[in-house]
Amino acid sequence: MEPEHKQRILAVTSPLRAVCRIRHKCLVLKKRRISVEQREARDGERPGAAGESRLPSKSRAKAAEYFTFEKVPVKSSRRRRSQKKCKVLYPNGSRKYLPEEKKSKAKNCLLLLSIIIFFQVYNAIENLDDNVLKYDLMGLEKTLKREVFGQTVAIDSMMDLLKDYLATHIHNKPLVLSLNGPVGVGKSLVGRLLAKHFRAVLSDDLVYQYFVLHHCPSEGDVTSCQRELVLGISEMVNRAEEEEKIPVLIFDEVEFMQPALLDILHSYFQSNQTSEFLNVVYILISNYGQGEITKFILHNASSGVARQLARSEELLFSVQSSLVHIHPLWNQADIVPFSLLERDHILECFLEKMMTEGYYPDTAHLDKLSSELNYYSVGELQYSVNGCKYVDSKVNLLH
């Protein structure tokens, strides 16, 4: 308790002592100033002392008694400097406090806003990942690359488009994928694998697989085909909207589809529709554009560009231009060109088929079977004319 009592006494007496010291200092300075003025006044009287000495002492004393308005002597600059240099001394027992730094509340608001934005962005990314995981696109990609030979670039291009589209549920237009290429390169196989995968992760009701020659043959009634197609698309889209999922519609053999049905599909590809018809994936499979693709591969086989044809802007523009002449619906489609299969890919097709049928995979036998097919020869490279289309029939002849 004694130290606290002393601190209280010091807190009261320290300012008083400081005031006393300041007052004493002021009195000393005042006395010094008066003595200096008197000294200067005496020095100023000395030059005229000889003339004034003639006056009687009485008159001089009398003149000194009268008050005059003479100017006060100006202080010297040296004196001013000394006064400015004087510092007020504080008692040793007192404390000196620095000015308090006030923290701005705006910094806290800015920090809180940054945290909120971070969590919103993080949640948005998590939601995108959740949507992609819901469709199991990684599993689909692995299945396609394992089952389909020689189309790695086309599969990568198609999966990039699917991932970007299926990451969100709200879109301003449907996704239209057009799988184009020569016969026997794996387009229909990809369509079947896509249908099988999305039926597993979504449901049978949200996957619509339409085979043109089966659902609407050329000699069939076009009006009934139109009615059936419109009804099937509408029911599936409405069901998917209720479940907040994106349906997948796969149309195979589009090269046999009649113009009236192409017009109906074209109407569904437009952006001026209700929201449920904008959240749909359409996949069109056809042999259209196979001439442009074959020509591009054979002309660029030696340069290595043919292996990246799905990334070639020149080829995509050429194929899409030829498709637009057939029907304008391909203006809204993303083209995925499928490449010709090389000799090694044909061997893999034979090996897969023979393993499925239970045959021992003899290398010499595989070479013999693959040599019976027709090929385009470009230098040391060989491209199958019909892909793996006749592999099944060749293996079946072994029974």
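Okay, let's start with methionine 158: leaving out residues up to four places away in sequence, it touches Leu144, Leu177, Leu179, Val190, Leu194 and Val336. By contact I mean heavy atoms within 4.5 Å.

Quick housekeeping before I go on. This is a predicted model, where local features need pLDDT of at least 70 and side-chain atom pairs count only at pLDDT 80 or more, while totals for chains, interfaces and linings use all residues. Residues are numbered from 1 along each chain as its sequence is written, and side-chain values use heavy atoms, with hydrogens and water left out.

So where does Met158 sit? It belongs to the largest nonpolar core, which has 46 residues, and it is among the members that touch the most others, along with Leu144, Leu194, Phe198, Val281 and Ile283. A nonpolar core, by the way, is a set of buried Ala, Val, Leu, Ile, Met, Phe, Trp, Tyr and Cys residues joined through side-chain atoms within 4.5 Å. Buried is under 20% relative accessible area, exposed is over 50%, and partly exposed is in between, using a 1.4 Å probe and protein chains only. Helix H7, residues 152-166, gives the most to this core: seven residues. There's also a second, separate core of 39 residues, and Val212, Tyr268, Ile293 and Ala301 are included in it.

Let's zoom out. The chain has 16 helices and seven strands; these are DSSP runs numbered from the N terminus, helices being H or I with at least four residues and strands E with at least two. Out of 399 residues, 33% count as buried. Look at contacts with a separation of 6 or more, and 75% of them are between residues 24 or more positions apart.

Now some loops. Glutamate 253 lies between strand E3 (248-252) and helix H11 (259-268). Buried or exposed, or partly exposed: which one is glutamate 253? It counts as partly exposed, because its relative accessibility is 22%. Its phi is near 60°, a positive value in a residue other than glycine. Beyond its neighbours within four places in sequence, Glu253 is in contact with Phe211, Val212, Leu213 and Ile285. Leu213 is 40 residues away along the chain, yet the two C-alpha atoms are separated by 7.2 Å.

Glutamate 244 also has a positive phi, near 55°. You'll find Glu244 in the loop between helix H10 (222-243) and E3, and it counts as exposed because its relative accessibility is 54%.

One more loop residue: aspartate 136, between helix H5 (105-135) and helix H6 (137-147). At 34% relative accessibility, Asp136 counts as partly exposed. Setting aside neighbours within four places, it is in contact with His197 and Val201. Asp136 and Phe198 are 62 residues apart in sequence, and C-alpha to C-alpha they are 8.9 Å apart.

Last stop, the second largest pocket. What lines it, and which residues lie nearest its centre? There are 22 lining residues, and Gly186, Leu189, Arg192, Cys388 and Asp392 lie nearest the centre. Helix H8 (187-201), helix H14 (343-357) and helix H16 (391-396) each supply at least two residues of that lining. A pocket here is an open set of points on a 1 Å grid over the protein atoms alone, where a 1.4 Å probe fits, with protein on both sides within 12 Å along at least five of seven lines; lining residues have an atom within 4 Å of a point. That's the tour!
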